[in-house]
Amino acid sequence: MLRKTSQLILISILLIIALGFGASVGYIAWIIKTAPDVSKLSNFKPSEASTIYSADGEELTRLYIENRIYVPLSKIPMDLQNALVSSEDQKFWEHNGINIWAILRAIYIDLKHMSKVQGASTITQQLARGIALHQKKFFSRKIQEIYLAIQLERMYTKEEILEMYLNQVFLGHSAQGVQTAAQQYFGKDVENLTLGESAMLIGILPAPNAYSPYVNKDRAVQRRDTVLNLMVDEGYISIDKADRAKKEDLKLAGLRNYIKTDTAPYFVSYVREQVMDMFGYDMVYRGGLKIYTTLDPQMQNAAEDALANALDPEKGYLPTINRQTGNDPTQPQVALISIDPQTGQIKAMVGGRGNDKFNRTVQAYRQPGSAFKPIAYVAALEQGYSPGDVVNDIPGYLDPGNPNPWPSNYNDNYEGPMTLRYALTHSVNVATVRLQEKIGINASIQLAERLGFTSIIKEGTNNDRNLGFALGGLTKGVTPIELASAYGVFANRGIYVQPSAIVKVEDSDGHVLYQASPSQKIVMQEDIAYQITSMLRSVVTNGTGWRAANHLPGRPIAGKTGTTSDSKDAWFVGYTPDVVTSVWIGEDSPRSMIYDETDENGKLLYGSNGQPLKLSSGEAARLWGEYMGEALENRPVTDFERPANLVQVKIDPATGLLPNQYTPKTITETYREGLEPTEIEQLHQPTITVGIDKATGQLATPQCPPDQVVQYTYQEGSGIRVGPATLRYSVKREGEDTPRNFIYTFEEGVPVVQIDPKTGVPVTDDDGNYLYQYMPTVKCEEHSTGSATDALQNGAKKLVDTIWNFFNSGGNSN
């Protein structure tokens, strides 16, 4: 009985195996039967276009044109063919379409790592997949790929397969096939490529949008060298030949635009590159994808309208100059990007004033200038500073490597002690650098990285660990999208949201292939975000950003201007609670934006009153305001939400402390609870005003001519001179062609420092303490030696003048 049972079990197992094997064979046979006709593969055409939609469902463009120029294998250099075989399929000339050992090795490595880490597809399999199959990763597709590869090998020679593959493969930046790629990257036909150029094209093949020399030149060169080494290993070239190819100069032709679109061209191109990185070129251009984006058409139209108005030859304020350098001959260029700070969604994008391939919102790394200053102020707030705390706006030698005082303020105006709010409102360089010196450079660098800036250089000879960081003097620079995202943190109560352009992607059957889920992280406290927003609102209402508010009456706005040295870059980055927008103006090849071009008669084409046009942050702020005014026209007005732990206190702006009975004026400032001042200021004391003879600098006497006597104010007791006072010095420094005019302004009750007339810099003692001006103790004697007759004559003259004035006033002595 037991024996029969065992036999039945064995028979059942064998039957199940046979049925399973039969079903598997039948399934595989069905998969093969449904595979495309291999004889028609070389004539395969795209069957379905992909469509990009705006946020409201409006069709922006369709992606379906393949940028390909077919060339026969005879025109493709042997070096390029050998580079492909060495890199992608070393057994290409030996196998029959598939490489069994490569498949087994890939299975072993994948099982070892429990993930898909090793590829095993031959060139023939890749060709079959690329021109006959979809890109969805199903088991059935892999079986068909293997079957079609074997059939391709039966019907076509190796040379024909290589020719089809090299004309089909995608190599980045719309380049389909090696001929178009050769033109895109090197500006020449493929038959004229050098060994090094051929190796680079094959090197970028696995991930064109990551290895492209236009995206990352260093990685592209590394990939080229890797391919050359593989060619040496496979015996196609010698080591010496490879070394010579590695030393070839990389001469790129510059990106060419092959995308045909009229609506938001830079945004469409940006989205297109992203979906190609996600799904590959074939899926995007043949898969019938539905790509839903974040673009707001009304805001995009507003941005393009504002730029068109600014460029209008009759009424505009931005010039049009044709240059021989730059990504586009039309200069200066403009970039504008708007982001929803709560979601990170890009609502409008203008990457330039044309339709070139260079998207300045995401690709142009430029010096941010004063638009970067909020970084230092936020870092200070995080260390316990408050907007009402005081920093001294007095120049000094803050750069050890500079023999002259550094930095300097605009027009060399200096105002002594001022609050952090005032310093940021009026974009005061010296005060900002002194603040940065107090808090340490590491605090600002770490904050900048938390805010999403990726180009901060912390190591090496030329790095960003210097006080110029506070003024936006960076080694590499930042992009407009980075600045917009960073300011978005201020608007979004301290939360950073990764910017995004795509909401979701569906395949042709409506299945969701991608759903956006931008990363979010808290990078600063909510109360600090509100405080910097409050300070940046002062920039717009009382400071350098006033032009931005002209078209948005009644709407809360915060923002910051930025103009770099010699006016090479002009910025305004600003936000409301709902939208943050970054505007940049500059030339692609950085140069001063001073336009003194003339017509044939010598008349200035740009400018007024005989002065050439000079662009600055004022034009960026104006463009920002005109755009935002239209973009937000029909939106409800909302305000920035104030945290409950903030308190307001009246303070003395010269000390940041509570006022005493002599404090001449007070302001109301915002503090985090527990950080408000409790100490009463002692700077302001009782004062006296006395006359000083300008010629001698001594106490004036009645004999001193009235027009030579000035009134100075001094503290009682200490005798220190205090404001109000304005000091002016003209100084010509070594190495400078023209004298510089220094102006020092001291508010009422603020001590007046001594100034070195040779340098224009305040004088200090050995410990670095400022030396102050004191009230003279000697009376002027220069005018007391006149005769009694002179004195009698002067008295008589005064009497006559008094009588004359009395009668001319009608006898009214009141």
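**Figure 1. D566 in the loop between β15 and β16.** In this predicted model, D566 sits in the loop that links β15 (558-563) to β16 (569-575). Its phi is near 60 degrees, a positive value in a residue that isn't glycine. Is D566 buried or exposed? With a relative accessible area of 53%, D566 is exposed, since the cut-off for that label is over 50%.

**Figure 2. N411, another non-glycine residue with a positive phi.** Here the view moves to the loop between β8 (390-393) and β9 (413-414), where N411 is found. N411 isn't a glycine, yet its phi is positive, at about 60 degrees. The relative accessible area of N411 is 49%, so this residue counts as partly exposed.

**Figure 3. The cis peptide bond at P332.** Look for the bond running from Q331 to P332: it is cis, and its omega is near -5 degrees. P332 itself belongs to the loop between β5 (330-331) and β6 (333-339).

Figure 4. The bond from G723 to P724 is cis, with omega near 15 degrees. P724 is in the loop between β25 (721-722) and β26 (725-731). R721 lies in strand β25. Despite being an arginine, R721 counts as buried, at 6% relative accessibility. What does R721 touch, leaving aside neighbours within four places in sequence? Its partners are Y712, T713, Y714, L727, V750, P751, V752, Q773 and Y774. For a sense of how the chain folds back here, take R721 and I688: they are 33 residues apart along the chain, and their C-alpha atoms are separated by 9.6 Å.

Figure 5. The buried ones are K158, I161, L162, E163, M164, Y165, L166, N167 and Q168.

**Figure 6. Helix α2 crossing helix α6.** How do these two helices sit relative to each other? The axes of α2 (residues 78-88) and α6 come within 12 Å, and they cross at roughly 90 degrees. The pair is therefore roughly perpendicular. On the α2 side the contact uses L80, Q81 and L84, and these meet L162, Y165 and L166 of α6. By class, the contact of α2 with α6 has 5 nonpolar residues, 1 polar and no charged.

Figure 7. Y70 is found in the loop between β2 (59-63) and α2. At 47% relative accessibility, Y70 is partly exposed. Y70 and T180 make another pair to look for: 110 residues apart in sequence, they have C-alpha atoms 8.7 Å apart in space.

**Figure 8. Helices α10 and α11 side by side.** α10 covers residues 217-233 and α11 covers residues 239-246; their axes come within 9 Å and cross at roughly 170 degrees. That makes the two helices roughly antiparallel. In α10, the residues involved are R224, D225, L228, N229 and V232, and they meet I239, A242, A245 and K246 in α11. The contact of α10 with α11 splits into 5 nonpolar, 1 polar and 3 charged residues.

**Figure 9. F372 in the largest nonpolar core.** Which members of this 82-residue core touch the most other members? They are F372 and F453. Setting aside neighbours within four places in sequence, F372 is in contact with A448, F453, I456, F469, A470, G472, L474, V478 and L483. There is also a second, separate core of 44 residues, including A175, V178, L195 and L201.

**Figure 10. Stepping back to the chain.** The chain has 23 helices and 29 strands. Of its 814 residues, 49% are buried. Among contacts with a separation of 6 or more, 67% join residues 24 or more positions apart. The chain exposes about 39400 Å², and carbon and sulfur atoms supply 50% of that area.

Terms used
Residues numbered from 1 in each chain as written. Predicted model: local features only at pLDDT ≥ 70, side-chain atom pairs only at ≥ 80, totals over all residues. Heavy atoms only, no water. Buried < 20%, exposed > 50% of the residue type's maximum accessible area, 1.4 Å probe, protein only. Helix = DSSP H or I, 4+ residues; strand = E, 2+ residues; numbered from the N terminus. Core = buried A, V, L, I, M, F, W, Y, C linked by side-chain atoms within 4.5 Å. Contact = heavy atoms within 4.5 Å. Axes fitted to C-alpha atoms, helices over the stretch in contact; angles between N-to-C directions. Parallel < 35°, antiparallel > 145°, perpendicular 65-115°, else oblique. Nonpolar A, V, L, I, M, F, W, Y, C, P; charged D, E, K, R; others polar. Areas by Shrake-Rupley, 256 points an atom, 1.4 Å probe, with all protein chains shown as cover.
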